[in-house]
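Subject: Structure for you to look at

Hello,

Here is the structure I promised you. Please open it and keep it beside this email while you read.

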Amino acid sequence: MTGNNQTMILEFLLLGLPIPTEYHLLFYALFLAMYLTTILGNLLIIVLVRLDSHLHMPMYLFLSNLSFSDLCFSSVTMPKLLQNMQSQVLSISYAGCLTQLYFFMVFADMESFLLVVMAYDHYVAICFPLHYTTIMSTKVCASLLILLWMLTTSHALLHTLLLARLSFCEKNVILHFFCDITALLKLSCSDTYVNEMMMYILGGLISVIPFLFIVMSYVRIFFSIFKFPSIQDIHKVFSTCGSHLSVVTLFHGTIFGLYLCPSGNNSTVKEIAMAMMYTVVTPMLNPFIYSLRNRDMKRALIRVICTKKISL
C-alpha cells in the first residue's frame with residue numbers, strides 16, 4: 001500500500017450522482033421511495049413464501065431467494081447513496097469500499113444465477129410436467145442454491161483479494177455512487193493487467209453463459225409449445241415467460257453494456273445511469289414482475305391476511 005513516492009489511501013470519496021444542487025432534495029425523496037419500495041416488496045414475498053404452505057414449491061423457493069438477493073443487492077449501495085445525498089459526507093473507508101465491492105459482486109452474481117435457475121424451472125415445468133416433482137425435488141433445489149452461493153462468494157472473494165493487492169496513491173475520488181471495480185482500477189497506480197483480464201474473462205463467463213442458458217431454455221420451451229399449439233398454453237407461456245425475459249433483458253443488457261464493452265465508449269454519466277438501472281430499478285421492479293402480479297401470490301396474501309384477522 002505504500003512506497004517511496006506513494007501516499008497511503010485510507011479512504012475514498014464517492015462523488016455520487018451528477019445532480020444539480022437544487023434537485024438534490026427531489027432526487028433524495030425519489031431514491032428513498034424507490035429503496036423503501038424495494039425493501040417492502042421483497043420482504044413481502046419472503047414472508048408470504050415462508051408463511052403460506054401452498055407456496056412451498058421450487059418456483060417460489062427460488063423467488064424468495066431472488067427477493068432476498070434483490071433486497072441485499074439494493075442495500076449494498078442505496079443507504080450509502082442516500083447518506084451522501086443528505087449529509088454531503090462523501091468519504092468511505094478503504095476497508096468499507098472493499099467490503100461494499102465484495103457484497104455488491106456476491107448479490108449481482110446471485111441475481112444472474114437465479115435468473116438461470118428460474119428459467120430452467122420454467123423449462124422443466126412446461127416441457128416435463130409429469131416429471132417436475134422428481135427433477136426439481138427439494139434435494140435438487142437445495143443443492144442448486146448451495147452451489148450458487150459457493151460460486152458467487154468465491155468469485156467475489158477472488159476479485160476483492162486481487163484488488164486488495166493494488167496500490168492507491170494520490171487519486172482517491174471515485175466517479176460513481178458506489179465502489180465499482182472499474183472505477184477503482186482506474187484509480188490504482190499499480191499494474192492492473194491481471195485484474196482487468198480476470199474481470200473480463202470471469203465476468204464474461206458469469207454474464208454470457210447464464211444468459212445463453214436462459215435463451216436455450218426458452219427456445220426449448222417455445223419449440224415444445226408450438227409442436228402442439230393451443231391458445232391457452234401459448235397465452236400461459238407468454239404471460240409467464242414475458243415478464244421473466246423482460247427483466248433478463250434489463251439486467252443482462254445493462255451488465256453487458258457496462259462491463260463487457262470498452263470503457264472508452266461510455267461516458268461517466270451513461271455508466272452511472274446504466275448502473276442505476278440494475279442496482280436500483282431492477283430490484284424494485286422484480287417483486288411486481290415476478291410475484292406481486294402472480295395469482296398464487298395474491299391468493300397467498302389474502303389467506304395470510306384472513307388468517308391474521310381470525311387469530312385476532
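Asp 121 counts as buried, because its relative accessibility is 3% and buried means under 20% relative accessible area (exposed is over 50%, partly exposed lies in between; 1.4 Å probe, protein chains only). Asp 121 lies in helix α3. Helices here are DSSP runs of H or I with at least four residues, strands are runs of E with at least two, and both are numbered from the N terminus. Which residues does Asp 121 touch, not counting those up to four places away in sequence? They are Pro 58, Met 59, Phe 62, Tyr 132 and Met 136. Touching is contact, meaning heavy atoms within 4.5 Å.

Before you go on, two notes on the source. This is a predicted model, in which local features need pLDDT of at least 70 and side-chain atom pairs count only at pLDDT 80 or more, while totals for chains, interfaces and linings use all residues. Residues are numbered from 1 along each chain as its sequence is written, and side-chain values use heavy atoms, with hydrogens and water left out.

Now the whole chain. It has 10 helices and three strands. Along the sequence they follow the pattern β-α-α-β-α-α-α-β-α-α-α-α-α. The chain has 312 residues, and 47% of them count as buried. Take the contacts with a separation of 6 or more: residues 24 or more positions apart account for 80% of them. The chain exposes about 16,100 Å², with 69% supplied by carbon and sulfur atoms. Such areas come from the Shrake-Rupley method with a 1.4 Å probe; for residues, only the protein chains shown count as cover.

Next, the strands. In a regular strand the side chains alternate between the two faces of the sheet. Strand β1 (residues 11–14) shows alternating side chains. Phe 12 and Leu 14 point to one face and are buried. Two strands pair if DSSP finds at least two bridges between them. β1 pairs with strand β2 (residues 91–93) in the antiparallel sense, over three bridges. There, Glu 11 stands opposite Ser 93. β1 also pairs with strand β3 (residues 173–174), in the parallel sense and over two bridges. Here Leu 14 stands opposite Ile 174.

Follow the chain on from β3. Cys 179 lies in the loop between β3 and α6 (181–187). Is Cys 179 buried or exposed? It counts as buried, because its relative accessibility is 0%. Leaving out residues up to four places away in sequence, Cys 179 touches Leu 14, Ile 92, Cys 97, Gln 100, Leu 101, Ile 174 and Leu 184. Cys 179 and Tyr 94 are 85 residues apart in sequence, but 9.9 Å apart in space, C-alpha to C-alpha.

Now the aromatic rings. A search of the whole structure finds 18 aromatic pairs. Rings of Phe, Tyr and Trp (its six-membered ring) pair if their centres lie within 6.5 Å; planes under 30 degrees apart count as stacked, over 60 as edge-to-face and the rest as tilted. Phe 107 and Trp 149 have ring centres 6.1 Å apart and planes at 85°, so this pair is edge-to-face. The pair links distant parts of the chain: Phe 107 is in helix α3 (residues 94–127), Trp 149 is in helix α5 (residues 138–164), and they are 42 residues apart. Phe 107 is buried, at 8%. Trp 149 is partly exposed, at 24%.

Tyr 120 and Tyr 123 have ring centres 6.2 Å apart and planes at 40°, so their pair is tilted. Both lie in helix α3, three residues apart, which is about one turn of the helix. Tyr 120 is partly exposed, at 35%, whereas Tyr 123 is buried, at 12%. There is also an aromatic cluster, formed by Phe 73, Phe 104, Phe 177, Phe 178, Phe 251 and Tyr 278.

One more buried residue is Ser 74, with a relative accessible area of 1%. Look for Ser 74 in helix α2 (residues 58–87). Ser 74 touches Tyr 35, Thr 38, Pro 79, Thr 279 and Pro 283, again not counting residues up to four places away in sequence.

Best wishes
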